[in-house]
Structure formats: C-alpha cells, structure tokens
Amino acid sequence: RSREMAKLTQLIDNEVFRAYATYATIVLLKMMLMSLITAYFRMTRKAFANPEDTASFGKGESAKKYLRIDPDVERVRRGHLNDLENVVPFFGIGLLYALSGPDLYTALLHFRIFAGARITHTFAYLIPLPQPGRGLSWAVGYAVTISMAYKVLKTALYL
Amino acid sequence: RSREMAKLTQLIDNEVFRAYATYATIVLLKMMLMSLITAYFRMTRKAFANPEDTASFGKGESAKKYLRIDPDVERVRRGHLNDLENVVPFFGIGLLYALSGPDLYTALLHFRIFAGARITHTFAYLIPLPQPGRGLSWAVGYAVTISMAYKVLKTALYL
Amino acid sequence: RSREMAKLTQLIDNEVFRAYATYATIVLLKMMLMSLITAYFRMTRKAFANPEDTASFGKGESAKKYLRIDPDVERVRRGHLNDLENVVPFFGIGLLYALSGPDLYTALLHFRIFAGARITHTFAYLIPLPQPGRGLSWAVGYAVTISMAYKVLKTALYL
C-alpha cells in the first residue's frame, strides 16, 4: 500500500492544500477554545446548566442556586454558536475550493482574511467592542466564504 | 508541483465528486442564508441579544427594551440550528460517500433529494407549514444521510 | 473517467483513510441519534417549541400548554450541541490528519479513543452520571483532537 500512501502524501504536499489544512486547523482550534472559555466563565461565575455540575457546592437548595443563567457565560456561548455557523461553511466550502485548483496567492488571501476576521470577531464579541466591529468582522468572513463558493460552483457545477 | 496540482484537478473533474461539491456547496450556502434571515428579523423586530447591538437606539433604558426574545427571531434560529445538526452529517458522510465509489446516478439521487428536502424544510419552518410538512422534510434528509452512511461503512469499514 | 475513479477508490482503499471514514461516520451517526432522542423526549414529555407541532393536541389554549421547556428535552439538546461543538473539529481536523500520513496504529488509537470518549460522554450526559464522568469524557475527546491538530500543523504548516 505504499504507493497509495505516497499519493495521499502528495495531497498534503500540495501548497494550496497545505495552506488550507493550516488555516482550517487554526480556525477549528480557535472554535474549540470557546469551550474552555465557557468552562472558565461557568466556574468563575458559578453558573451551571446541569444539577450534577453543582454537586460539589453542597446538597439540595445550596447547590441549586448555581443552576442559573449568567450574562458572561451566555455571551461566550453565543460566540461559540456563531463560530459553528460560520466555521462549518468555511471548512466545507474551503475544502472544495482548495480542490478546485485556485492559484496559491488567491487561496492564501482567502484563508488569511477568513482566519483574521474570525479571530477579530471573537475579540469583538468577548471584550466586547462597540458595533459595527463585530458585525463587520462577521461580514468579512461571510464574504470570503461566498467568494470561495462562487469559485467552487464555477469550477465544479454538476447539477 | 504542477503534477500534484493536476491530480487535485482530477479529483474535482470526477463527476460524482463534482456533483458532491455542487450540492454540498448549495446546502452550505442555504445554511449561511439563515444568518442573513436572522439579522433581518432582529432588525425589523428590534430584538437583540447583545447590549452593544442596541446602542444606536439610544442610551440606558430606552435601548435596553430591545434586548428581548422575539418569536420570529427564535424560529429562524431554531431552523438554523436544525440545519447545523443535519447539514454537518450530510457534508461529512457525503464526502466519504462520494469517495467510496458510488455510481453517478445513485449519488445524484442522494444529493438531489437531500438538497430538496432541506430547502423544503426551511420553507416549512419559516412560513410555517402545518405538520407533518416540516417533520417529513426533516426525515427525508435524515434517511438520505443514513443511506450514504450505510454505503460508506459497507465499502470502508475498518475498525 | 475510469482512471480518475480508480484514484478515488485508492483513497478509500488506504487503511488510514478507511479507519477515518469508519470512525467519522460512527461519531456523525451518534450525533444524528441525538435528533431522534430529542424527538422522543419532546413527544413523551409533550414539550414543543413550535405552535404547529402542538396542533394535533387541540386548538387554542389547550394546545398552547405544550409549548414549554422540559428539563429532559433541554438535557438532550445540550448533549446534541456539545456533540456539534466537538464532532465538527474531530471531523475536520481528523480528515486533514488522515491525509497527513500518520502510521496506521497511531491513527487507529486516536480515532478509537475519540469515538469511545464521545459515546461515553453521551451516556454520562443522558443517564446522567455524577461528575467528573462527563467532564473527563469530554476532555479525552478534546485532547485527542488537539493531538491530531498538532500532527497536521507539524506536517502541513504553510502560513
């Protein structure tokens, strides 16, 4: 099977595909970071969603009061969901885009702008920055994904 | 590296893979559309989740009243989350299915029915249509994904 | 086009890629199962989110009382969202990892531990098990994904 393995390695050796793999991994790791930030806020704000998560704070009513909604926790969770809504299309459409034969410079431009926009979006959400900071960073990432989708459909369209 | 690039281009030249790329992009774009519809309802219903989003409506209490839950906004958000829950498995299992060597006719049938079911689901959710309209369109997309998963596991199973 | 199809088939013939396809499909199917469990709890607890879903229980006020939040339904929904937050990174980073040329034994170790951790997480959430059962199963899956991301970036990094 070494010949097939060689072919796979060639895919990961392709520069556009390597750039895609790098930036896709970065934005997925950034999205995963939201889980840790949520856990941090749940613990420092003592605001949990499940009774079993508050058991270490005592029994009965004394633990029940930590089953509550906290605005900081909810803010991180909204940021996390927004990541899911935007990183999933980037990952999917970006993969097809990377396979559609774009030139390296154009592909890097798309990937870098998307990653920068989503990192900015996270800071804008968590600090929070005044609008339209968050809105613009969201729109830039959205536009990059649409641009890649256009290239995929132009190259591959088969209905 | 032109030889490797040629190989990548061959992947996107394959008809099953092109059909997958087309329908995967369509359903991901449709999912992305939910963000715009949410933004539209948030602005027309004046119902926001973040204090900084209401700052342009005035200061203090006059802006605070727009931090509220609106049933139309929540409906679109439920539709968006339902898309995530169903389009993600389609994208992932569909990619593996497209690489598992299905015949073109069968693959197109799967992709077309899934895309049609999800577009129907969105209309059923947003109009809304009486049940079981939304439930059936959801079930059709679900069944298509299960059918592709069966083919993937039959072809590739390696535990 | 039979030559190209042959190449695609070679991808699915590669043992690492077959293992990836198998475990990715398993965890995506497990995630899809959460939809059915949600539907089951919504119907047995009679707790719905959309007015049109309660129409079969009567008209007006008699149906309205079923538009409510149920703790069991919410628990399954939190488990489903947690799946999305963790299975999406596994699918994406795992795909790139499978293409980065890991040895079969190491790759299988990653995929098996992740799948086991997520299945454990679901049981821990739904039974529910006392903490840190759910927390640990979440952390194991998270760590496996980070480990794969490290390999992808080490192999493919192209900024």
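Where does A:Pro128 lie in chain A? A:Pro128 is placed in the loop between α5 (104–126) and α6 of chain A. The legends below concern a predicted model, in which local features need pLDDT of at least 70, side-chain atom pairs count only at pLDDT 80 or more, and totals for chains, interfaces and linings use all residues. Residues are numbered from 1 along each chain as its sequence is written, chains are lettered from A and ligands numbered from 1 in the order in which they are written, and side-chain values use heavy atoms, with hydrogens and water left out.

View 1. The peptide bond joining A:Ile127 and A:Pro128 is cis, with omega about -15°. A cis bond also runs from A:Gln131 to A:Pro132, where omega is near 10°. A:Pro132, too, is found in the loop between α5 and α6 of chain A. Helices (H or I, at least four residues) are DSSP runs, numbered from the N terminus.

View 2. Two copies of a chain are related by a rotation about an axis and a shift along it. Here, chain A can be laid on chain B by a turn of 120° and a shift of 0.0 Å along the axis, with an RMSD of 0.0 Å. That is the relation of a three-fold axis. The superposition is by least squares on the C-alpha atoms of residues with pLDDT of at least 70 in both copies. Only 18% of the interface residues of chain A are also interface residues in chain B, so the copies meet through different surfaces. Contact means heavy atoms within 4.5 Å.

View 3. Over all chains, the structure holds 21 salt bridges, each defined as a side-chain nitrogen of Lys or Arg within 4 Å of a carboxyl oxygen of Asp or Glu. One of them joins the side chains of B:Glu52 and A:Arg134, at 3.4 Å from N to O. This pair crosses between chains: B:Glu52 is in the loop between α2 (15–44) and α3 (61–64) of chain B, and A:Arg134 is in helix α6 (residues 133–156) of chain A. Both B:Glu52 and A:Arg134 are buried (under 20% relative accessible area, with exposed over 50% and partly exposed in between; 1.4 Å probe, protein chains only). A network of salt bridges links A:Glu52, A:Asp53, C:Arg75 and C:Arg134.

**View 4. A salt bridge within chain B.** B:Asp83 and B:Lys30 form a salt bridge whose closest N and O atoms are 2.6 Å apart. Because B:Asp83 lies in helix α4 (residues 71–98) and B:Lys30 in helix α2 of chain B, the pair ties together parts that are 53 residues apart in sequence. B:Asp83 is buried at 0% relative accessibility, and B:Lys30 is buried at 12%.

**View 5. A salt bridge within chain C.** The side chains of C:Asp83 and C:Lys30 meet in a salt bridge of 2.6 Å, N to O. C:Asp83 belongs to helix α4 (residues 71–98) and C:Lys30 to helix α2 (residues 15–44) of chain C, so this pair ties together parts that are 53 residues apart in sequence. C:Asp83 has a relative accessible area of 0% and is buried; C:Lys30, at 12%, also counts as buried.

View 6. B:Lys46 is not a glycine, and its phi is positive, near 45°. B:Lys46 is found in the loop between α2 and α3 of chain B and is partly exposed at 31% relative accessibility. C:Lys46 has a positive phi of about 50°. C:Lys46 is placed in the loop between α2 and α3 (61–64) of chain C, and its relative accessible area of 31% makes it partly exposed.

Definitions and conventions. Helices (H or I, at least four residues) and strands (E, at least two) are DSSP runs, numbered from the N terminus.
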